[in-house]
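Here is a pair of protein chains to explore. Have a look at the sequence and the model, and then we'll go through them piece by piece.

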Amino acid sequence: MPDTKTKNTLILQYDAITIGDEAPVISHALTRTDLVRYAGASGDFNPMHTDEVAAKDAGLPSVFGHGMFSMGLLGRAVTDWAGADNLKVYGVRFTKQTWPGETLSTRIVVSGKEETAEGKIIIAQLTLHNQDGEAKLSGTTRVLAA
Amino acid sequence: MELENYIGKPTGAGIIHVERGSVSRFALGVTDTNPVYHDLSAARAAGFEAPPVPPTWTFSSVFLGARPEEQPVDVTGGEGSPVMKIMQLLLRNGGLILHGEQEFRYHQSVQCGAVLYWQGRITDIYTRESKGKVMTFIVMENVFKDVAGEPVVTEIFNLIHRGN
């Protein structure tokens, strides 16, 4: 079994990070295929995400995206920026449903820095929003820096 | 049963294998093609012993990495997760169940090849009124530990019932 305590290389340089810095944006056009792929990959087959007929029968305009897909997409933007496995905390609030046809974009803004017993920490505020600026998720992360 | 009486009740427990196939599929499921999740040599070049998992992987791991023959005695005593019962109770008069908040606290790296032990429980249930509708919040915690019993990931999350 691998040593699960092995640490990944730290990517962010603590001294070079300034409050207000923004991480690169990821934009993703959401498709029904994304919903089906996430259902299979995660095991979440709630028909409101995968079955258009069932979703319409329930009074919805179409299937809608898994909240955890949105959180995964936003998490990808965090790890692309800070490095895989360098997160200490990642939390979100789900504010709106996502719909196929929307383009979802990430926003990651540095809001704080702390030197702690567990290492040098960068704090960032997170949002995922659609092409009209409607927030789908908002949240916070604490990531390790060198 | 009053809803408050479900506070503290276990929602489940189990043993999970962190397997490369499911981790790679999950990463693609969230659009993540970072080679560290898919390719052992890329993972090693980045300083890992084995591919790590994407940040939200443990939330799905219960569906992805459990081997039936290894699972512990059912902590719900055969009743199943009380969350299903609570949702049925709340939905008797209609309304909608929403995933409200989700947080992960990472204590250690999770990498393929590891075995995790998880336990879930309901930590709080409360109601709030919002725009004339009663919102019922069910707060849960899942703790994942390694073979030595050390915490690896803690998940804190809620489901919200929004009444009609």
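## A residue to start with

Which residues does B:Val18 touch, not counting residues up to four places away in sequence? They are B:Val23, B:Val53, B:Gly65, B:Val110, B:Gln111, B:Cys112, B:Gly113, B:Ala114 and B:Leu116. Touching, or being in contact, is meant here as two C-beta atoms, placed from the backbone, lying within 7 Å.

A bit of housekeeping before going on. This is a predicted model, where local features need pLDDT of at least 70 and side-chain atom pairs count only at pLDDT 80 or more, while totals for chains, interfaces and linings use all residues. Residues are numbered from 1 along each chain as its sequence is written, chains are lettered from A, and ligands are numbered from 1, in the order in which they are written.

## Chain A at a glance

Chain A has 4 helices and 5 strands, and along the sequence they come in the pattern β-α-α-α-α-β-β-β-β. (Both are DSSP runs numbered from the N terminus: helices are H or I with at least four residues, strands are E with at least two.) The C-alpha atoms of chain A fill a box of roughly 55 × 45 × 20 Å along the principal axes.

Of its 146 residues, 38% count as buried. Buried means that 20 or more other C-beta atoms lie within 10 Å of a residue's own, whereas exposed means 12 or fewer and partly exposed is in between, with C-beta atoms placed from the backbone.

## Where the chains meet

Now for the two chains together: 36 residues of chain A are in contact with 38 residues of chain B. On chain A's side, the elements giving two or more residues are α1 (32-42), α4 (67-82) and β2 (87-94). The top giver is α4(A), with 10 residues. By type, this side of chain A divides into 15 nonpolar, 12 polar and 9 charged residues. Here Ala, Val, Leu, Ile, Met, Phe, Trp, Tyr, Cys and Pro count as nonpolar, Asp, Glu, Lys and Arg as charged, and the others, Gly among them, as polar.

## On through chain B's strands

Follow B:Glu103 onward and you find that its bridge partner in β5(B) is B:Ile156. β2(B) and β5 (residues 151-162) pair in the antiparallel sense over 10 bridges. β5(B) also pairs antiparallel with β4 (residues 133-145) of chain B, over 11 bridges. β4(B) and β5(B) form a hairpin with 5 residues between them, and B:Gly149 in the turn has a positive phi of about 85 degrees.

What does α1 (20-29) of chain B bury? Its buried residues are B:Ser22, B:Val23, B:Phe26, B:Ala27 and B:Gly29.

Methods:
Pairing = 2+ DSSP bridges.
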